[in-house]
Every structure is written in C-alpha cells, then in structure tokens.
Amino acid sequence: MATVKDVAKEANVSIATVSRVINHSPKVSKVAIQAVTTAMKKLSYRPNAAARALVSKSTKTMGILVADVSDPFFGTMVKAIDTVATEQGKHLLISNSYHSAKKERETIELFINQGCEALVIHSKSLKSQELISFAEEIPGLVLINRFIPEIANRCIALDNLKGSYLATEYLIKNGHKNIGYICSNHNIEDAKQRKAGYLAALEDNSLEHSENLIEYGTNNEEGGQKAMTKLLAKGLPMTAIATYNDYMAAGALSALEDNNIAVPKNMSIIGFDNGLIAQYLHPKLTTVLYPIQIMAKNAAILSLKLANKEEYKVETMIFVPTLVKRLSVNAI
C-alpha cells in the first residue's frame, strides 16, 4: 500500500507539499497539485481520513444513532437527516441500538472517537445524567425524541402524552365509552407516556379504567395482532381500540378480520405516527401525526450549527401531535 512518502517521491515534491495538496491548502502551486494528484492516481493512494481530520479539524461525518434503521419510522428520520447533511458536505455514520443502554453508550463513544462533531442521538435507555455528560463534551450533540430539562436547548421531541390523549379523546367524542388500549411492551418513555395519555383522557371524561382493557406486545404488526387476540379472548364489551403505533394497529386490524369483526362498523381503531402504512390499510387508518421528518431536519440543522459554534435558535423544540382523520373510526 502506497504511503505519503511514496507519493512525494513519485511527484518529486516534499511530504509537506503532499499534505498541503491533500488538505486543499491555498499555499500550493497548480503545478504541485497536478504532480501530486497524478502520483496519487498512479500509486492508487487514498488519503487517511483520520490523518486528514487532524489537520482540517473535521471528519466531514455526522453520527446518527437510531433504535433500528429497518423500522420505516427511523428510515424516514435518517433520510431527512441525510438530506441536510448532504447539503452541508457531510456523510452519515449510522448505528442501531435496539434500545440497549450498552449499545447506546458504545455507539456515542465510537462516534466521538471517530471525530464526529455533529451527532443526532435517539436514546431511550441511557440515564439522563449520562446523556448530559456527553452533551457537555460534544457541543454538536442533539437528542431527538427525548426531552431532558437540563439540556432543553439540545432536545427536539414530541408530546407523546398529548398525542395519545387526542386519539382517545377522539374516540370518546364519537360516542365510545368502552375503549381498549394496545401498548408497546418496550420499557421506554414513549410507551409510558402514550399509555398515560390514554388513561388521562378516560379520567378527564369520567370513564372508568380497567387494566383488563390494556394488552401489551412488541411494537409491530405481530405484537398488535397477538395483543388484539388476547383482548378479544377476554370477552369484554369494547367498541373501540387505541394503539401505540400504526403497525400495532395494522396487526389489530388483521386479528379483527380473522374474527369477522368489521371495522369501523363493529369496532373503531386509531393508530399513532401516521406512517406510510396508515394510508394503505383497509379501512384507511385514522391516526396521530408524528412529524418526524421536520423534527429530524431541525435536529440535523441544529447539530451542525452547534458543531460549527454558530448561534442558531430552533423555533419549535417540543412538537404537538395532530389528528389525521380517515375511515377506521365510526360514531355510535
């Protein structure tokens, strides 16, 4: 493998000149640039990214931590961040944590060791104090989908409780009183907040809550289908179901169809996120909009501005969810 020394010898210039060409220094002649470029091509030499970063003080990379990039929700988030990063000449380093505190910690430390100055972090398992410490070390670290008061100006999040409250309240306004809930079994704040929103809406409307009307599962179609099947097996009087997300709602719809329960005629159902799947279910799914694209875009811009030590104020840090009314909820 060719070295800087080999390139310098081939181009008949000093090692310092090769370094200046690699790092685009203005203090180098066109003749030298041509000679070094030709030599690098001939020798198949690739500049070492880490070595270049020591000179330029930038790796041109941006670190992104998500739970699972195969989840369409996180795919949408990464795409929005990549659009911003590309405009700024940055490339993404992406890692999955699967809601593991160990993976989250190791990934953030890896990003730091790789010289990433801009980080957009989706962390649900690390304790707040540990994330605060990372934020103090890396000015360009921004949290998405999580709010920590001590670093509020570095957090872009959604009011999950409000979103679930809106969903349940909409069912109540359509005359439903016996409302079940399908909840994620992940031990993360999103699941707790959305369940709390469901319960708060029932309480504020003087409706009794029964733990029997709540079932848990993995936050995907399979989890929703199993949870819905368990709810139906209890034989409880229900006319509507609120769900943790659109994928669990899709699974619930499948279970209802298997049991010849028509939606929304005999059972209304509402999702959360307004993912692409919501538009193509039958019936089209009424849901709650999670504006992840604009949130991710704002997080990326904020991260890059902070990394460059530029003053920048994001107008909205805590986003408010809104209803998307389609065909899966019926009035009774």
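Here is a short tour, one topic at a time.

## Before we start

Keep in mind that this is a predicted model.

## Two cis peptide bonds

Most residues other than glycine have a negative phi, and most peptide bonds are trans. With that in mind, look at the bond running from Val-263 to Pro-264: this one is cis, and its omega is near 5°. You'll find Pro-264 in the loop that links helix 11 (246–258) to strand 9 (268–270).

His-282 and Pro-283 are joined by a cis bond too, with omega at about -5°. Pro-283 sits in a loop as well, the one between strand 9 and strand 10 (287–289).

## Two positive phi angles

Now for phi. Ser-44 isn't a glycine, yet its phi is positive, near 55°. It belongs to the loop between helix 3 (30–43) and helix 4 (49–56). Is Ser-44 buried or exposed? Its relative accessible area is 63%, so Ser-44 counts as exposed, the cut-off being over 50%.

Asn-260 is another non-glycine with a positive phi, about 55°. With a relative accessibility of 73%, Asn-260 is exposed.

## The cysteines

How many disulfides does a search of the whole structure find? The answer is zero. Take Cys-116: the nearest cysteine sulfur belongs to Cys-155 and is 20 Å away. A disulfide needs the two sulfur atoms within 2.5 Å, so Cys-116 is in no disulfide.

Cys-116 is buried, because its relative accessibility is 2% and buried means under 20%. Cys-183 is buried too, at 2% relative accessibility.

## Where helix 2 meets helix 3

Two packed helices are described by the angle between their axes and the distance between the axes. For helix 2 (residues 15–22) and helix 3, the axes come within 10 Å and cross at roughly 90°. Angles of 65 to 115 degrees count as roughly perpendicular, so that is the word for this pair.

Which residues make the contact? Helix 2 brings Thr-17, Val-18, Val-21 and Ile-22, while helix 3 brings Ala-32, Ile-33, Val-36 and Met-40. Sorted by class, the contact has seven nonpolar residues, one polar residue and no charged ones.

Terms used. Residues are numbered from 1 along each chain as its sequence is written. This is a predicted model: local features need pLDDT of at least 70, side-chain atom pairs count only at pLDDT 80 or more; totals for chains, interfaces and linings use all residues. Side-chain values use heavy atoms; hydrogens and water are left out. Helices (H or I, at least four residues) and strands (E, at least two) are DSSP runs, numbered from the N terminus. Buried means under 20% relative accessible area, exposed over 50%, partly exposed in between (1.4 Å probe, protein chains only). Axes are lines fitted to C-alpha atoms, for helices over the stretch in contact, and angles run from 0 to 180 degrees between N-to-C directions. Angles under 35 degrees count as roughly parallel, over 145 as roughly antiparallel, 65 to 115 as roughly perpendicular and the rest as oblique. Contact means heavy atoms within 4.5 Å. Ala, Val, Leu, Ile, Met, Phe, Trp, Tyr, Cys and Pro count as nonpolar, Asp, Glu, Lys and Arg as charged, and the others, Gly among them, as polar.
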